[in-house]
Amino acid sequence: MNTTDGLRDEVDGIVAAWGRERLDFDPEPLAVFSRLLRLERHIDRMRRQTFARHNIEPWEFEMLSALRRQGFPYQLTAGRLMQETLVSSGTVTNRIDRMVAHGFAIRLPDISDRRVVHVQITHKGLGVVDAAMADLLAVERRQLEGMDRESQRQLADRLRELLSHFERES
């Protein structure tokens, strides 16, 4: 069993137990995926707490971020928002309705195609997403304090590699 500088976690015990109980199994994939799953739960909690300080839900941050990243005039079609956030048409419509109700976005008709709706971030939405992003980056930076920049880059590269396998298959 490989550990870094003697560091052990709960997953090491899980992998060892499966290795002990089922000699015909190679439980090594659990060393990666169980850690990713546990990290996902910690990250979700951390992000929810961060966004709660700005009175937004994680999905609102995701939608506002997609609009903000476009640059001025900070807008996308509803269809592009659906692609950017990987949600269904019905979900994106519901989320747009809620963002409009909160004053974070407005709907704009497409002058050349009445079936197309553009969603544009408002001044209020811009302020909220910028403040939430600044807070999120500070929180995430603190979580990575124990890793030097090169280690962070290497981890990002390995995660990109793993993610690409999943995204090719979907």
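This report covers the strands, core, salt bridges, surface patch and backbone of one predicted model.

Residues are numbered from 1 along each chain as its sequence is written, and side-chain values use heavy atoms, with hydrogens and water left out. Because the model is predicted, local features need pLDDT of at least 70 and side-chain atom pairs count only at pLDDT 80 or more, while totals for chains, interfaces and linings use all residues.

## Strands

Helices (H or I, at least four residues) and strands (E, at least two) are DSSP runs, numbered from the N terminus. Two strands pair if DSSP finds at least two bridges between them. Strand β3 spans residues 117-121. Strand β1 (residues 75-77) pairs with β3 in the antiparallel sense, over 3 bridges. Here threonine 77 has histidine 118 of β3 as its bridge partner. Strand β2 (residues 105-109) also pairs with β3 in the antiparallel sense, over 5 bridges. Alanine 105 has isoleucine 121 of β3 as its bridge partner.

How many of the residues of β3 are buried? The count is 4 of 5, so the strand is mostly covered. Buried means under 20% relative accessible area, exposed over 50%, and partly exposed in between (1.4 Å probe, protein chains only).

## The nonpolar core

A nonpolar core is a set of buried Ala, Val, Leu, Ile, Met, Phe, Trp, Tyr and Cys residues joined through side-chain atoms within 4.5 Å. The largest one holds 25 residues, of which Leu81 and Met99 touch the most other members. Helices α3 (58-68), α4 (78-85), α5 (89-101) and α6 (123-143), along with strand β3, each supply at least two residues of this core. The largest share, 6 residues, comes from α3.

Contact means heavy atoms within 4.5 Å. Leaving aside neighbours within four places in sequence, methionine 99 is in contact with Trp59, Glu60, Met63, Leu64, Leu67, Phe104, Ala105 and Val119.

Threonine 50 lies in helix α2. Is threonine 50 buried or exposed? Its relative accessibility is 1%, so threonine 50 counts as buried.

## Salt bridges

A salt bridge is a side-chain nitrogen of Lys or Arg within 4 Å of a carboxyl oxygen of Asp or Glu. By this rule the count comes to 16.

| Pair | N to O distance |
|---|---|
| Glutamate 57 and arginine 48 | 3.9 Å |
| Glutamate 84 and arginine 69 | 3.2 Å |
| Arginine 158 and glutamate 161 | 3.2 Å |

Glutamate 84 and arginine 69 form a salt bridge. This pair links distant parts of the chain: glutamate 84 is in helix α4 and arginine 69 is in the loop between α3 and β1, 15 residues apart. Glutamate 84 is partly exposed at 28% relative accessibility, whereas arginine 69 is exposed at 56%.

Arginine 158 and glutamate 161 are 3 residues apart in helix α7, so about one helical turn separates them. Glutamate 161 is partly exposed, with a relative accessible area of 43%. From glutamate 161 to arginine 149 the separation is 12 residues in sequence and 18 Å in space, C-alpha to C-alpha.

A network of salt bridges links Asp9, Asp12 and Arg35.

## Surface patch

Patches are made of residues with over 30% relative accessible area and no salt bridge; like charges are joined within 9 Å, nonpolar side chains (Val, Leu, Ile, Met, Phe, Trp, Tyr) within 5 Å. Accessible areas come from the Shrake-Rupley method with a 1.4 Å probe; for residues, only the protein chains shown count as cover. Val32, Phe33, Leu163 and Phe166 make a nonpolar patch of about 370 Å². Helices α2 (28-52) and α7 (149-169) each give two or more residues to this patch. Phenylalanine 33, in helix α2, is partly exposed at a relative accessible area of 40%.

## Backbone

Most residues other than glycine have a negative phi, and most peptide bonds are trans. The peptide bond from phenylalanine 72 to proline 73 is cis, with omega near 10°. Proline 73 sits in the loop between α3 and β1.

Asparagine 55 is not a glycine, yet has a positive phi of about 60°. This asparagine 55 lies in the loop between α2 and α3 and is exposed at 69% relative accessibility. Leucine 86 also has a positive phi, near 55°. Leucine 86 is in the loop between α4 and α5 and is exposed, with a relative accessible area of 76%.
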